[in-house]
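Please keep the sequence and the model in view while reading.

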Amino acid sequence: MIAPTRMALMAACALSLTAPAARALDLDNMTPGEQEAFGAAVRSYLLENPQVILEAVDVLEQQQQQAGAARDDALVKANLQELQDDGYSWVGGNPEGDITLVEFMDYRCGYCRKAAPEVEALLAADKNIRFVVKEFPILGEASMVSSRFAVATKMVAGDEAYKNIHDTLIAFQGEPNEVALRRMAEGLSLDADAIFAKMDDPEVTDQIQRTRTLAQTLSISGTPTFVLEDEMLRGYLPADQLQIMIDTIRENRS
């Protein structure tokens, strides 16, 4: 069975390729004989020139990508304040940097783990990037526990402690149970009891829910998702590609 999209493409091809006939006929009021002849002509042409369908599909995909990018741009610009300065997400790199990079991440996400050293390399090489982490646990209960622990650590012990726990969690391969999390906290000289007591605080829940709501508004359903200034970047990107994009933004400003 031919998919509806491909059927529409075939029809579009047929109309464009038989334009003189289309002008000569009232396509909405064809006789059965005219419909049969028209269909036979279209079928014959497409069988002889099947590459036309593939070309049309390529054009459609390009149009869809362009429309998706335009939609992303509009959504990002409408929510830029919440993305870059929500008042609770951790901010690293250079807080006064001229470029803001936001990452929606999940501690259990393999590509987030792959992206972590790339982001660190980028921030080490470019000292003028402001980096915002959005806790976006979407891969099950272990992800949620990890994010709650990280957010609670920030509330209890501050930004530096959060960064240390964040880095530890993103590299951690085991289950984030109480024993493992307590060991992490104590290894970093943090008050594990205070952090555990804070994990179920409504404020922790509110922060994670606000990020989830923002992600839904932006049609973000996977991690990592980056927002570089006002551009959405879905998926993993190495540091060199991010740096090229950042350099381009700066060049366009000058």
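Which residue in S3 is the bridge partner of Trp90? The partner of Trp90 is Val133. This is a predicted model, in which local features need pLDDT of at least 70 and side-chain atom pairs count only at pLDDT 80 or more, while totals for chains, interfaces and linings use all residues. Residues are numbered from 1 along each chain as its sequence is written, and side-chain values use heavy atoms, with hydrogens and water left out.

**Overall fold**

The chain contains 12 helices and five strands. Helices (H or I, at least four residues) and strands (E, at least two) are DSSP runs, numbered from the N terminus. Of the 254 residues in the chain, 40% are buried. Buried stands for under 20% relative accessible area, exposed for over 50%, and partly exposed for values in between (1.4 Å probe, protein chains only). The chain exposes about 13700 Å², and carbon and sulfur atoms supply 53% of it; accessible areas come from the Shrake-Rupley method with a 1.4 Å probe, and for residues only the protein chains shown count as cover. Among contacts (heavy atoms within 4.5 Å) between residues at least 6 apart in sequence, 75% join residues at least 24 apart.

**The sheet**

The five strands make an open sheet with the order S1-S3-S2-S4-S5 and mixed pairing. S1 and S5 are the edge strands, each pairing on one side only. The average twist from one strand to the next is 25°. Two strands pair if DSSP finds at least two bridges between them; S1 and S3 pair in the antiparallel sense over four bridges. Helix H6 (residues 110-125) packs on the sheet and touches S1, S2 (99-105), S3 and S4, and its direction makes about 165° with that of S2. Such angles run from 0 to 180 degrees between N-to-C directions, and the axes are lines fitted to C-alpha atoms, for helices over the stretch in contact.

Thr223 is found in the loop between helix H11 (202-217) and strand S4 (225-228). This residue counts as buried because its relative accessibility is 16%.

**Salt bridges**

Side chains of opposite charge can pair when their charged atoms come close. A salt bridge here is a side-chain nitrogen of Lys or Arg within 4 Å of a carboxyl oxygen of Asp or Glu. The whole structure has 13 salt bridges.

Asp86 is buried at 11% relative accessible area, and Lys134 is buried at 0%.

Arg253 is partly exposed at 45%, whereas Glu229 is buried at 17%.

Elsewhere, Glu178, Arg182, Glu186 and Asp193 are linked in a network of salt bridges.
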